Amino acid sequence: MIDKIKHRAHELFPGIAIAGLVAISAQFLNEHYGAPAMLMAILLGMPLNFLSEEKRTADGIAFSARTLLRIGVALLGVRISVDMVQALGLPFLALVVAGVLATIGFSLLIGNLFGKDRLFSFLSGGAVAICGASAAMAIGSILPKREHAERDLAFTVITVTVLSTLAMIFYPILTASLGLDRDATGVFLGGTIHDVAQVVGAGFSVSEETGDLSTLVKLIRVTLLAPIVLIAALILRKGTEPGAARPPLMPLFVVAFLILATFNSFGLIPEIVKDGASQVSRWALLAAIAAVGMKTSIPKLLEVGGPAIWMVVTQTVFLALFVLGGIWLIG
């Protein structure tokens, strides 16, 4: 048994090590030049596509793209608690949840207009609605295997990260020009920007209080990742053709996410463990997205086409207008 584990570790190490080095490089660019780490990880990984077909590294890269991804998503649970939800208040909580569900539903409705199927619509809509790259990777892990799955995932991650970065720059200007107060600004930024890092950047660029509130709202959106992935897995499992491989009834990483969120809600996770798990989650997701980049062919990525880009832009605009309209209605 131990020999088998050692042999498997020996097979996986080269690919995992390369994914880790790309993740470190992406984090360096983030810390020193302000470049989005997720975007840098996938862009740095893509020129290394040949390594995903190299015998010595292929297994480790595939492991990083799938297993490290699930570990990273599961550990996001340590950042979620019931107290966070209660602090927001029922009207704004309802708006955040409605915004997520409406965006996913809207995405499924408009997919045909852009020549995309329901699986791509759900993948991109979930990424826009919930938490950007992390949501895209979690949703991608439960979708049925298909020919262009990795290409679509890489495309979605790149597009939502670029749009999230643009939102981080322009949304604070928009909220100021609209005369939104501190709370409304925090809800808008946290309820519309795709990735957590960009929400933090946008919120704290306005004020410390706005930054705290926008981060809270964003993490509530992250909380919805587990139930949405679970429901989607059940639907996909039910719709699977007889004899075909069926998605698991309850993905283990979703179970782990919910367990950790429950423990955190009851204060059972020490702060030092929480900080450590958050760091592990970030690095696991960075390495996973680097591996996704390495498994992506640039020529194949270009095959996705312009309509898909406009589809994600349309989803982003819809979410922004929905949340803004809800804020005005709530007052």
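A polar contact is a pair of N or O atoms within 3.5 Å; within protein, one must be able to donate a hydrogen and the other to accept it. The model used in these exercises is predicted.

**Exercise 1. A loop residue**

Find where D117 lies, and decide which backbone atom its side chain meets.

*Solution.* 
Step 1. D117 sits in the loop between α5 (90–110) and α6.
Step 2. Check its cover. D117 has 42% relative accessibility, so it counts as partly exposed.
Step 3. Look for a partner. A polar atom of the D117 side chain lies 3.3 Å from the backbone nitrogen of L119. The cut-off for a polar contact is 3.5 Å.

**Exercise 2. A polar residue in the interior**

State whether Q315 is buried or exposed, then list the side chains with which it makes polar contacts.

*Solution.* 
Step 1. Q315 belongs to helix α15 (residues 306–330).
Step 2. Its relative accessibility is 0%, so Q315 is buried. The limit for buried is under 20%.
Step 3. The side chain of Q315 makes a polar contact with the side chain of S107, at 3.2 Å. The side chain of S124 makes a polar contact with that of Q315 too, at 3.0 Å.
Step 4. Now list the neighbours. Leaving out residues up to four places away in sequence, Q315 touches T103, F106, S107, I110, S121, S124, G125 and V128.

**Exercise 3. Threonine and a backbone oxygen**

Describe the surroundings of T185 and name the residue whose backbone oxygen lies 2.8 Å from a polar atom of its side chain.

*Solution.* 
Step 1. T185 is in helix α8 (residues 182–192).
Step 2. T185 has a relative accessible area of 4%, so it is buried.
Step 3. The backbone oxygen belongs to D181.
Step 4. T185 also touches T175, L180, V206 and T210, with residues up to four places away in sequence not counted.

**Exercise 4. Salt bridges**

Say how many salt bridges the whole structure has. Then work through three of them.

*Solution.* 
Step 1. A search of the whole structure gives 6 salt bridges.
Step 2. Take E11 and R8. They form a salt bridge, with the closest N and O atoms 3.2 Å apart. Both lie in helix α1 (residues 2–33), 3 residues apart, so about one helical turn separates them.
Step 3. Recall the geometry. An α-helix has 3.6 residues a turn, so residues three or four places apart point the same way.
Step 4. E11 is partly exposed at 28%, and R8 is partly exposed at 39%.
Step 5. Widen the view. R8, E11 and D59 are linked in a network of salt bridges.
Step 6. Take K274 and E271. Their closest N and O atoms are 3.7 Å apart, and they form a salt bridge. This pair is in helix α13 (residues 271–294), and 3 residues apart means about one helical turn. K274 is buried, with a relative accessible area of 19%.
Step 7. Take E54 and R56. They form a salt bridge with closest N and O atoms 3.2 Å apart. E54 is partly exposed at 29%, whereas R56 is exposed at 63%.

**Exercise 5. An enclosed helix**

Explain why helix α2 (residues 37–45) is largely enclosed by the rest of the structure.

*Solution.* 
Step 1. Count the buried residues. They make up 7 of the 9 residues of α2, so the helix is largely enclosed.
Step 2. Name them. They are A37, M38, L39, M40, A41, I42 and G45.
Step 3. Find the cover. It includes α1, α6 (118–140), α7 and α13.

**Exercise 6. Core and surface**

Find which residues have the most contacts inside the largest nonpolar core, and which residues form a nonpolar patch on the surface.

*Solution.* 
Step 1. The largest nonpolar core has 97 residues, and L88, I130 and F188 have the most contacts inside it. Helix α6 gives the most to this core, with 14 residues.
Step 2. A second, separate core has 5 residues, including L75, L260, I269 and A277.
Step 3. Turn to I130. Among the residues it touches are V100, I104, H194 and L225.
Step 4. Move to the surface. V162, L166, I169, F170 and I173 form a nonpolar patch, with about 460 Å² of accessible area together.
Step 5. Look at one member. I173 lies in helix α7 (residues 149–178). Its relative accessibility is 54%, so I173 counts as exposed.

Methods: Residues are numbered from 1 along each chain as its sequence is written. This is a predicted model: local features need pLDDT of at least 70, side-chain atom pairs count only at pLDDT 80 or more; totals for chains, interfaces and linings use all residues. Side-chain values use heavy atoms; hydrogens and water are left out. Helices (H or I, at least four residues) and strands (E, at least two) are DSSP runs, numbered from the N terminus. Buried means under 20% relative accessible area, exposed over 50%, partly exposed in between (1.4 Å probe, protein chains only). Contact means heavy atoms within 4.5 Å. Patches are made of residues with over 30% relative accessible area and no salt bridge: like charges are joined within 9 Å, nonpolar side chains (Val, Leu, Ile, Met, Phe, Trp, Tyr) within 5 Å. Accessible areas come from the Shrake-Rupley method with a 1.4 Å probe; for residues, only the protein chains shown count as cover. A salt bridge is a side-chain nitrogen of Lys or Arg within 4 Å of a carboxyl oxygen of Asp or Glu. A nonpolar core is a set of buried Ala, Val, Leu, Ile, Met, Phe, Trp, Tyr and Cys residues joined through side-chain atoms within 4.5 Å.
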